[in-house]
Amino acid sequence: MSGIVATPVHFPHQHQDPRLSPSHPMSYNPVTSAGRKRKAEDEEPPVDDRMSTSPSPSLHQRPLPAQRITKRPRPATSGRPLPLPRLLETLDTDSLRNILQSICQRHPGLGSEIEQTAPRPSVSSALAVLKQYESAVQAAFPFGGDPSSDYAYNRVRSALTNLIDALADFTPHFLPPNEPQASQSLSFLDSATEIIHRLPEWSTFQHRLHKQNAYEEISKAWSSVIQEAAKRAGGIHIQYGGWDQKLTKHNQQSGGKLQEAVDEMSKHLGWMGGQPMAQHHGGRGDDISSVRQELLSGTYGSNLPVQVGPW
């Protein structure tokens, strides 16, 4: 037994380079291969286990919790007054005028500012206001009875006073120097005089003073405008506007109460006065009118005899 020497086993791959050694075909053992495959299958985790180790897609698709929106507390709905522009839209003309008058009385300094800011009244706007006052006078008359009686006067006295006061306020506004254009002044006076013609006639003398005083004031206004218009452009506004004829008609309708204005017109027109001069001077006015026509046509002196001989 001792004589047997164990021969060491030498493996070729321990002494030789496997890259230099020839390749040896490996023998295939079906039993061993089947065992190894079965072992690999036993050790391989199931599909569900492998999927469970990867990130789950349901985590990404899961909706995030909605953010909690905090509602701000809103103030409770309560009543409040209208803004000033909306409030002014609801006011009619009379209410707005009364408010402005009340404010100007409490704050006098605002009155001048309103006068400078407000547009200048035109002849048509002023006459529209006067016609409203005139309509109020006509509406105040009682039905039936004597329209010139004291009873009728008492019924319309308030409206009549408002009309006369409005005439007294509007007339100076259209007189020089406040109104620089003579045509505007004469146009207003023409319509204002028509309103005075339509003022009611009263049986009592004291009640007739309203109309008589109105004629006196309007006559002075006519005279003032005629004097100023005669200084400008040679008085062309009163020469060729037909105002001499209109004034003469007003004087006739008033019963001669505008004679002062007619005399002023005749003085400034002179021999070119036309109709007023004819009314004031009688037959001499016809001669002056004919001379005026001959001068304008260029035939003046054509019918005069020519003197021949020593001078």
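Start by selecting α5 (84-89), the helix that gives the nonpolar patch its largest share, 3 residues; helices here are DSSP runs of H or I with at least four residues, numbered from the N terminus. This is a predicted model, in which local features need pLDDT of at least 70 and side-chain atom pairs count only at pLDDT 80 or more, while totals for chains, interfaces and linings use all residues. Residues are numbered from 1 along each chain as its sequence is written, and side-chain values use heavy atoms, with hydrogens and water left out.

L82 sits in the loop between α4 (57-61) and α5.

Next, select D94 and R97, whose side chains meet in a salt bridge at 2.5 Å, N to O; the term means a side-chain nitrogen of Lys or Arg within 4 Å of a carboxyl oxygen of Asp or Glu. About one helical turn separates D94 and R97, because they are 3 residues apart in helix α6.

Finally, go to E134 and R198, a salt bridge with its closest N and O atoms 2.6 Å apart. E134 lies in helix α8 and R198 in the loop between α10 and α11, so the pair ties together parts 64 residues apart in sequence. E134 is buried at 11% relative accessible area, whereas R198 is partly exposed at 43% (buried is under 20%, exposed over 50%, partly exposed in between, with a 1.4 Å probe and protein chains only).

Conventions
Helices (H or I, at least four residues) and strands (E, at least two) are DSSP runs, numbered from the N terminus.
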